[in-house]
Amino acid sequence: MALDEIKIGGLGASRRRVEDNRFIRGKGNYVDDIVLPGMLHMEILRSPLAHARITSIDVSGAWAIPGVRLVLTGEMMAARNLAWMPTLSYDTQAVLATDKVRFQGQEVACVVADDPYTAKDGCEAIVVEYEPLPPIVNPYQAMAADAPLIRDDKVNQTDNKIFDWEVGDKEGTDRAFAQADVVSEIDMHYPRSHPSPIETCGSVADFDRSTSKLTVYMTSQAPHIIRAAVALVAEIPEHMIRIIAPDLGGGFGNKVPVYPGYVMSILASILTERPVKWIEDKSGNLISTGFGRDVYLKGQIAMRNDGKILGVRMHTDSDHGAFFSDAQPSKFKIGLMHSAFACYDIPAAHLTATGVYTNKAPGGVAYRCSFRVTEAMYFQERMICAAADDLGMDQAEFRRVNLVRDDDFPKRTPFGFLTDSGQYEKCLDIGLEAIGYADFKQEQQAARKRGRLLGIGISTMTEPLGAGNSREYDILGIKMFDSAELRVHMTGKAILRTGAKTQGQGHETTWAQIVAHELGIPADDILVEEGDTDTAPFGMGTYASRSTPVAGAAVAMVSRKIRAKARKIAAHLLEVSEEDIEWELGRFYVRGAQDRGVSIQECAMAAYSNVPDGMEPGLENNAYYDPPNLTWPFACYIAKVEVDPETGVWDVLRVVAVDDCGVRINPMIVEGQIMGGLTEAYAMANMQFLTFDEDGNCIGSNYMDYLLPTAWETPGFELHEVVTPCPHHPIGAKGIGECATVGGPAAFVNAVMDALKHTGVRNIDMPLLPDRVHDALTTGNDISGMPPVKTEA
Amino acid sequence: MFPSRFRYEAPSSLGEAVALLASHDDSKVLAGGQSLIPMMKLRFASPALLVDINNIPGLDQHGAQPDGSYRIGALVRHADLEKSTTLGEHQPTIAAAAPLIADPIVRTRGTFVGSVCHADPQGDWASCLVALDGSIVAHGPTGRRTIPVDDFVTGPFQTVLAPDEIAVEAVIGAASGSRKGGYLKLERRVGDFATVGVAVALEMSGSTVTKAGIGLTGVGSATINAREAADAIVGSSLGDDEIAVAAEAAAAASSPRSDHRGSADYKRHVVATFVGRLLAQHQPAEAEVA
């Protein structure tokens with residue numbers, strides 16, 4: 001009898017998260033929980049100014065405080081060739097400023113002391129003299145002819161431009177536009193935001209001179225990449241570096257990069273020969289670490305009168321801050337921006353992109369998305385919304401005309417990616433039915449007569465998840481595979497380790513479910529470990545919704561290798577040839593005699609006690625998986641809102657989400673991911689952004705000014721599903737962690753635009769704060785861009 | 001949090017507390033700590049001495065007094081007011097504001113009197129107290145004095161409290177008619193400071209307003225008492241025209257600045273909108289007019 005897969009916690013079981021046992025008891029083990037004997041504490045002194053020359057740094061006051069053990073400045077780092085470090089985007093970034101500060105919050109010095117209070121006192125006692133320089137806070141200031149040069153440290157850098165880049169078919173697109181009946185144009189800005197995990201970044205560096213081994217506990221989503229980077233930068237042999245990412249309190253992309261604080265804590269441990277702990281405070285995290293977005297778009301769609309899209313043009317201007325340290329693994333300068341319009345059948349498209357330096361924090365990260373996909377899909381769905389309105393066509397009908405049809409796969413996207421599966425129109429229909437779209441126009445008209453403004457916004461998209469195949473990805477030349485190592489013990493229990501690193505996604509729960517599905521070992525019998533580079537196989541970490549598409553595939557593949565060996569053992573135990581062995585969940589049996597069988601557990605015991613002649617004992621293996629393609633989940637999000645015409649406040653009445661992420665390993669966790677993503681999508685649309693005043697001061701340096709929605713504001717979500725298995729993934733799964741964050745924002749914004757449509761307003765850039773909506777409503781003008789905030793005296 | 005070094009005392013009597021305050025140049029009273037502690041965390045405030053008054057008995061009561069006044073002790077938490085089952089019948093303006101103060105965590109510890117003493121122009125309670133024409137009672141080395149709230153706050157984060165005085169309670173006088181009122185707040189998110197807050201307190205005799213107060217939050221360098229707006233409705237039955245005049249007068253009394261919460265014009269508009277909405281709640285029902 002085959003086992004009941006749901007009962008053993010296999011595929012499709014909404015198994016409770018095993019990691020929650022320790023989290024809800026307060027027994028998680030985060031970096032700040034690490035306490036080592038003799039440990040010192042490090043605090044960072046940050047620049048109060050966005051752009052200034054450092055004329056002097058006097059650290060004598062810090063050294064005078066009892067308990068201060070070390071003070072580091074840029075000069076001291078430079079003496080060790082560590083003042084600058086390479087970035088993942090082939091630029092350089094200051095570890096500690098030597099010449100200028102280039103953004104508010106930049107690291108200027110650090111103090112290491114017996115306790116964090118003393119370290120902070122030490123920072124306050126350092127006197128830094130600055131000569132202020134004009135700050136640049138948006139790309140258009142940066143590109144002005146007379147703009148001050150931010151990166152005067154770089155040879156041959158004569159302006160603030162980082163790159164000009166293009167992709168697509170320019171001539172074909174020009175021809176499409178020449179043939180168009182209607183051309184729709186819209187400009188917009190996706191504002192800067194911050195992933196803001198509740199746990200900030202931090203490290204405990206422990207260099208042991210007696211063994212020459214460096215151990216670093218670190219808030220990292222990708223510990224193996226960190227180990228490689230430390231080996232290359234610090235010239236410590238790779239086998240003498242152990243990076244341990246313990247429990248992480250969220251990541252959302254923020255914990256992919258290498259930050260100056262990590263480097264300083266490592267050097268401080270080497271110099272003091274003591275363990276050194278650095279735990280960033282919330283403001284430090286918000287103002288200095290990897291942000292997301294901050295891209296301006298000029299978009300054009302060429303159409304026929306019947307709604308058929310003929311071509312798309314996009315130009316982006318992106319603000320990368322003071323150093324080009326985008327933490328992105330794709331081979332493209334603006335990430336996967338050209339994944340835009342992947343769900344639509346569009347013959348020609350062309351994208352140009354310009355990136356610039358500004359006096360803002362560096363380190364663009366993929367905040368709960370694959371790199372720049374969030375911007376791509378937001379721009380796509382806002383452009384689609386405006387185009388349908390310009391054409392006078394219904395929003396749903398316009399999408400229906402242009403969506404790729406089920407029998408068109410595999411299908412090249414307008415910019416050349418290959419999508420492989422989906423049922424786009426079915427998802428759209430389910431969403432429209434659920435929201436009551438057919439009756440909405442009447443409802444909207446009736447409400448408007450009573451002075452109430454209702455709107456519905458649709459967002460449909462497919463996005464490339466699961467970095468990724470080596471055709472499109474690498475990090476520092478390393479291919480983006482991932483790995484799993486499975487050891488089945490003699491009693492049939494097992495330990496699984498992967499190269500991914502969970503930070504809330506629930507790998508400890510879901511990886512065991514994949515093993516249970518492949519081997520029939522109950523999920524409760526499988527321990528999952530990640531994050532320690534001395535024990536886990538080499539992998540590229542967790543971000544870009546890549547864990548299930550890549551590491552999850554490796555888990556399935558290693559399980560199959562184990563099953564293949566177990567099959568040989570089973571044949572030996574059952575005294576038949578291997579060809580006569582059949583498999584059902586949890587056991588092998590003799591073909592034609594189903595009652596003659598052995599369980600996987602019996603095979604495990606035999607692997608250690610009774611293997612056939614010539615076979616190695618043991619039941620363990622590993623797998624490295626280089627995916628043949630990205631995975632392409634599809635989603636349709638529909639929001640219904642009501643705008644208060646007197647205040648501009650808008651309320652979300654309903655949100656319907658239809659997600660197709662292929663086979664769902666743990667439906668409960670998938671739903672949690674979708675709801676979390678929709679919450680962040682709502683946050684982007686409504687409130688969550690980092691802005692800067694004219695002087696480059698970051699407005700959003702704490703949770704009073706950087707707004708995350710609470711349970712009070714967050715709307716309820718109605719979830720629906722369609723399952724189109726991924727054709728190339730071993731268990732048919734696609735990524736899901738970021739779909740709602742990526743596709744969600746446009747649904748909310750499109751809904752507010754729909755409510756305001758009668759005023760002629762075509763665009764309000766996010767966030768749709770009440771004052772911006774009210775201004776648009778009363779003036780009939782678009783509210784565009786994110787100019788520096790002007791604060792009147 | 002890693003604040004600067006400070007001394008901490010938790011006396012059990014007002015006399016001791018006042019003596020401790022007098023003993024240090026740079027001392028602060030700690031009640032709920034919901035503004036002070038974050039400022040110390042950021043090292044914007046580095047008091048040498050914290051005098052924690054939470055062990056002093058008798059400061060945690062609020063209620064109607066025999067003389068018709070309403071008193072709120074210095075250790076009454078926002079949550080005490082929010083959860084009170086009797087507050088609404090006596091003080092509808094305060095009852096309306098209580099659930100809108102900050103967020104549930106802050107409401108559990110923060111105090112009404114502490115909020116007024118913090119004198120943040122974006123504090124909600126000061127506007128309520130202004131609308132209600134209330135006072136603060138201060139206890140010092142030489143005894144007690146009662147300070148009308150209009151005189152109490154002298155500027156942003158500034159009050160007339162002497163360094164060795166403790167605000168021990170807020171007092172709202174007896175009403176001559178039946179009390180009506182409310183509070184509306186526009187905030188970007190729960191827990192945010194008000195973009196605009198409006199407190200309205202009315203005393204009514206039948207459908208006629210006999211006394212009115214309107215306090216404005218977050219639209220000036222201090223809490224604003226919109227007297228002209230309030231005067232516009234005294235003696236009226238809250239007709240649409242009087243409400244419109246009051247709404248415009250309140251907007252004119254505000255002096256907001258443009259910032260990341262919105263433009264000055266927008267905030268003025270919201271002041272007018274909220275005054276109109278609050279007053280309209282107390283218009284006589286149409287049947288009565290007819």
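Visitor: Where is the place of A:Ala245 in chain A?

Guide: In this predicted model, A:Ala245 sits in the loop of chain A between β13 (241-244) and α8 (260-272).

Visitor: Is that residue buried or exposed?

Guide: A:Ala245 counts as buried, because its relative accessibility is 2%, below the 20% cut-off used for that class.

Visitor: And which residues does A:Ala245 touch, not counting residues up to four places away in sequence?

Guide: With those sequence neighbours left out, A:Ala245 touches A:Met218, A:Ser220, A:Pro223, A:Lys501, A:Glu530 and A:Gly531. A:Arg80, by comparison, is 165 residues from A:Ala245 in sequence and 27 Å from it in space, taken C-alpha to C-alpha.

Visitor: What about A:Arg242, which partner does it form a salt bridge with?

Guide: A:Arg242 pairs with A:Asp534, and the closest N and O atoms of the two are 3.6 Å apart. This pair links distant parts of the chain, with A:Arg242 in strand β13 and A:Asp534 in the loop between β23 and α15, 292 residues apart. A:Arg242 is partly exposed at 26% relative accessibility, and A:Asp534 is partly exposed as well, with a relative accessible area of 37%.

Visitor: Changing topic, how many residues of each chain are in contact between B and A?

Guide: On the chain B side 25 residues are in contact with 31 residues of chain A. The area buried between the two chains is about 2,500 Å², and carbon and sulfur atoms give 57% of that area.

Visitor: How many salt bridges are counted between chain B and chain A?

Guide: The count is four salt bridges. One of them is formed by A:Asp644 with B:Arg277, where the closest N and O atoms are 2.9 Å apart. Helix α12 of chain B (residues 264-280) gives the most to the side of chain B that touches chain A, contributing five residues. By class, that side of chain B has nine nonpolar, eight polar and eight charged residues.

Visitor: And what do B:Arg43 and A:Glu124 do?

Guide: Their side chains meet in a salt bridge, at 3.2 Å from N to O. B:Arg43 is in the loop between α2 (36-41) and β3 (49-52) of chain B, while A:Glu124 is in helix α4 (residues 116-124) of chain A, so the pair joins two chains. B:Arg43 counts as buried, with 10% relative accessibility.

Visitor: How many polar contacts does the rule find across that interface?

Guide: It finds 11 residue pairs in polar contact, counting pairs in which both residues are at pLDDT 80 or more.

Visitor: What does the secondary structure of chain B come to?

Guide: Chain B has 13 helices and 14 strands. Its radius of gyration is 19 Å, close to the 19 Å that the globule rule gives for 290 residues, so chain B is as compact as a globular protein of that length. Buried residues make up 53% of the 290 residues in chain B.

Visitor: Last one, what is phi of B:Phe157?

Guide: Phi of B:Phe157 is near 60°, a positive value in a residue other than glycine. Most residues other than glycine have a negative phi. B:Phe157 is found in the loop between β8 (153-155) and β9 (158-159) of chain B, and at 47% relative accessibility B:Phe157 counts as partly exposed.

Terms used: Residues are numbered from 1 along each chain as its sequence is written. Chains are lettered from A and ligands numbered from 1 in the order in which they are written. This is a predicted model: local features need pLDDT of at least 70, side-chain atom pairs count only at pLDDT 80 or more; totals for chains, interfaces and linings use all residues. Side-chain values use heavy atoms; hydrogens and water are left out. Contact means heavy atoms within 4.5 Å. Buried area is the accessible area (1.4 Å probe) that two parts lose on being put together, summed over both. A polar contact is a pair of N or O atoms within 3.5 Å; within protein, one must be able to donate a hydrogen and the other to accept it, and residues adjacent in sequence count only if both atoms are side-chain atoms. Helices (H or I, at least four residues) and strands (E, at least two) are DSSP runs, numbered from the N terminus. Ala, Val, Leu, Ile, Met, Phe, Trp, Tyr, Cys and Pro count as nonpolar, Asp, Glu, Lys and Arg as charged, and the others, Gly among them, as polar. The radius of gyration is taken over C-alpha atoms; the globule rule is 2.2 Å times the number of residues to the power 0.38. Buried means under 20% relative accessible area, exposed over 50%, partly exposed in between (1.4 Å probe, protein chains only).
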